[in-house]
Amino acid sequence: MTIARGATSGFVIVLDKKSCQWYRLLVLDLQVIDDPAAATAALEPIRGRLLSELVVPASAATLATRVGLTRQKVNYYLHGLEAHGLVRLAEERKWGGLTERLLVATAASYVVSPSALGPVAADPNREIDRLSASYLIALGARVVREVGDLVRRAKETGKRLATLAVDTEVRFRSAADRAAFSNELAEAITKLVSKYHDQSAPGGRAHRLVVVAHPLPQESHPRSESNTPGPNKSDHPKSDPKEPS
């Protein structure tokens, strides 16, 4: 079980060891993109490749060699990323009469917020079957949207954001055990919420608690294996007859 709790500032220190530790830069560990134009830029394949290369500062000339494009083309794509706040200037170097700009990604990784989709974004407040997978996805989308906005506001005000996350796995022997677990979990949460919830507490702040469960994705075999003649069935993992479908 993994439990993450504490105040999240959203920043990590990234040190470029290749330059003898001369460079230190504050970089977001994760950035939520809620602007449609910025999302379009990040999802474009070439710009996405450039973002992945800019984990450490690099110039257009260096990137051009890595991705196999001309420096002019790379500069064009970089200008788009910089305009949408996905990369920023890390350093400028003087070489004779020329100035070399080193850019770096603003975050180690990115997530596109559902709010970038506007009115068609997933919303659990719409009429969705609350026992369906669609509702679970809508809940996840709301978490990304709300927490992403809270992180942005915390960054703007210089405050820290208190969060709590629980992540674990459980393998049920049967569908009956799964149902029993769900009932006990619901009862435990109801008891805790009743104990600590105070609607009229002065200075209190409401928090959203979301608990979800879904089957773990099964790893699929490479397609090449299915074309291999005469496979031994014992080499492939068999499904547990007790595992609920």
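Analyst: Start with a definition: helices (H or I, at least four residues) and strands (E, at least two) are DSSP runs, numbered from the N terminus. By that count, this protein has seven helices and eight strands. The model is predicted: local features need pLDDT of at least 70, side-chain atom pairs count only at pLDDT 80 or more, and totals for chains, interfaces and linings use all residues. Residues are numbered from 1 along each chain as its sequence is written, and side-chain values use heavy atoms, with hydrogens and water left out.

First, the setting. The protein has 245 residues, and 21% of them are buried (under 20% relative accessible area, with a 1.4 Å probe and protein chains only). Contact means heavy atoms within 4.5 Å. Of the contacts between residues at least 6 apart in sequence, 58% join residues at least 24 apart.

Now the helices. Two packed helices are described by the angle between their axes and the distance between the axes. Axes are lines fitted to C-alpha atoms, for helices over the stretch in contact, and angles run from 0 to 180 degrees between N-to-C directions.

Take α2 (residues 45–53) and α3 (residues 60–67). They pack at about 115 degrees, with axes 11 Å apart. That makes α2 roughly perpendicular to α3 (the term covers 65 to 115 degrees). The α2 and α3 crossing is right-handed: the near helix is turned clockwise from the far one by less than a right angle. On α2, the contact uses R49, L50 and E53; on α3, it uses L63, R66 and V67. This α2–α3 contact has three nonpolar, no polar and three charged residues. Here Ala, Val, Leu, Ile, Met, Phe, Trp, Tyr, Cys and Pro count as nonpolar, Asp, Glu, Lys and Arg as charged, and the others, Gly among them, as polar.

Next comes α4 (residues 71–83). Its axis and that of α2 come within 10 Å and cross at roughly 80 degrees. So α2 is roughly perpendicular to α4 as well. From α2, I46, R47, L50 and L51 meet V74, Y76, Y77, L78, G80 and L81 of α4. That α2–α4 contact has eight nonpolar, one polar and one charged residues.

Last, α3 with α4. Their axes come within 8 Å and cross at roughly 110 degrees. These two helices are therefore roughly perpendicular to each other. A60, A61, L63, A64 and V67 of α3 meet R71, V74, N75 and L78 of α4. The α3–α4 contact has seven nonpolar, one polar and one charged residues.

Definitions and conventions. Angles under 35 degrees count as roughly parallel, over 145 as roughly antiparallel, 65 to 115 as roughly perpendicular and the rest as oblique. Buried means under 20% relative accessible area, exposed over 50%, partly exposed in between (1.4 Å probe, protein chains only).
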